[in-house]
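Walk me through this structure.

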Amino acid sequence: MAASGPHISISAEQLFSVGGLNVTNSMLTSVIVSGLLIAFALWVRMSLKQTNRPTGVQNVAEWIVEGLTSLVHSVTNNKQRTDLFFPVIATFFLFIIANNWFGLLPGVGTIMVHGQGAAANEVVLAPSGVTIKHAAMKVQAAEPVLTTQELDEHESVAVENEDGAVLYQVESETEAVADAHVEVGETEHAELVPLFRAGTADLNMTIALGLLSVGLVQYYGLKYLKLGYLKKYINFSSPIYFAVGILEIILEAAKVVSFAFRLFGNIFAGEVLLAVISYIAALLAPMPFYGLELFVGFIQALVFSMLSVVFFNMATISHDEH
Amino acid sequence: MDIELPQILFQIVNFGVVVGALSFLLYKPVKKMLEERSNRIEEAQKAAESTLLEKKSLDETKKRLLSEAEKDAQAIVDEAKKDAKRIEKDIIAQAKQVAAEEIEKEKKQLADEYKTTVKQLRQAFVTEVAAMTEKVLGEAVDEKVIAKKLDKDIDAVIAKI
């Protein structure tokens, strides 16, 4: 419990399981972000009015839709393709940017819960990387032992239940930066994990988005060029074309990896940077980096969307048109 | 780094749901609204252009009508001036005629009065001469005879006057 550094985990942490699905903190966040996006869309839908001077949320929605439409159209230069690609590209952009920016909200990465196997009511509110100097501990053991104890520096205390079994060990640290409130609800100790984690800071999410993008590239290719699209991958007209086809297949797989690791790498690196800076100097030092991460979040969403629309568009143009 | 297929599938489904919901609730209605507005603005621009053309045509018509009206007005004014001059001449001619008639009438009346006065004076003179002759002669004198004798002298005196 008494962590001595910032909480950094390269993979998303499991919160609980539903059926066979391990629900991680990034999945929870991405579901919340999806809900917020849908709620925003619903709000826009209910606020839409036929007017030549839109205001409020309608103005914002029109600005977003027009901006993204012109972004897609700048690549396709074709209204039919713009209309076809727009919903997916716009959702890529909004979904990624919302997930990126959600990760910068206070509480994301700092509200800690026990992972799977822990009692659901165990919650610690403390910044990431906090160490406990004076821990006021309320220990609710299997049954009635209730203890509150304050720790001095370099002191360690073991919390036991009425049978004398050690429930929890709390150590005081000299470089402590904050107090924390610890409630232990069950005898079994479990690892504390953040309740929320930016969806895009989870490789599973970025792989999913990469697979979707590359999968849609194949779909649009087949839709526009029919089976002729497959000549790109399987071409027996000459040994060189055949080799090129294999390279194209490798390239498509590399696109998924590229999409996934670029987005994951940038966002996760940003989270690590913020966690480390917050750990070193919690007050004002992180502020410029938050600004930087807002920019990075926007740029990454834009890069993902632009690359996707470029790949979509390229897939719909035959080699003859090239 | 744990790469788990169920989590990837979950995220794909999650993204699919978001795409569907946003398409239905956000993109389609907003795009439809933007297109309708664009059409409305285009129609309004066309209507404005047509109105401008109409206005231009009306301006030209107005200019032409004004020019014609000015010409008509000038013609009417010229005609009126001519009429006025003609009427003026008529009135002056009538006035002159009336004046001449009046003068003639007055002259005639004066001549009549003159004749009457001369006649009365002549009679009075004859009567006086007759009375004086009667006194000188001591006998009755015929006034007609005296009048006959004096007529030439009286006429000579009147002519001298």
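In helix H2 of chain A, the buried residues are A:Ala61, A:Val65, A:Leu68, A:Thr69, A:Val72, A:Val75 and A:Thr76. A residue is buried if 20 or more other C-beta atoms lie within 10 Å of its own, exposed if 12 or fewer, and partly exposed in between, with C-beta atoms placed from the backbone. Helices (H or I, at least four residues) and strands (E, at least two) are DSSP runs, numbered from the N terminus. Seen down the axis of H2(A), its buried residues fall within an arc of 120°, so they line one face of the helix. The arc is that of the directions from the helix axis to the C-beta atoms. An α-helix has 3.6 residues a turn, so residues three or four places apart point the same way.

This is a predicted model: local features need pLDDT of at least 70, side-chain atom pairs count only at pLDDT 80 or more, and totals for chains, interfaces and linings use all residues. Residues are numbered from 1 along each chain as its sequence is written, while chains are lettered from A and ligands numbered from 1 in the order in which they are written.

What covers the buried residues of H2(A)? The cover includes helix H1 (25-47), helix H3 (79-102) and helix H6 (286-315) of chain A, together with helix H1 (5-137) of chain B. The face turned away from the buried side of H2(A) carries the exposed residues A:Gly56, A:Asn59, A:Trp63, A:Gly67, A:Ser70 and A:Ser74.

Just after H2(A) comes A:Asn77, with a positive phi of about 55°. A:Asn77 sits in the loop between H2 and H3 of chain A. Most residues other than glycine have a negative phi. A:Asn77 is exposed, with 9 other C-beta atoms within 10 Å. A:Lys226 also has a positive phi, near 55°. Its place is the loop between helix H4 (203-225) and helix H5 (239-280) of chain A.

Now turn to chain B. It has two helices and zero strands. Of its 161 residues, 8% count as buried. 27 residues of chain B are in contact with 37 residues of chain A; contact means C-beta atoms, placed from the backbone, within 7 Å.

Last, confidence. The mean pLDDT of chain A is 80, and 74% of its residues reach 70 or more. pLDDT is the predictor's confidence in each residue, from 0 to 100. Over residues 117-150 of chain A the pLDDT is below 50.

Terms used: Contact = placed C-beta atoms within 7 Å.
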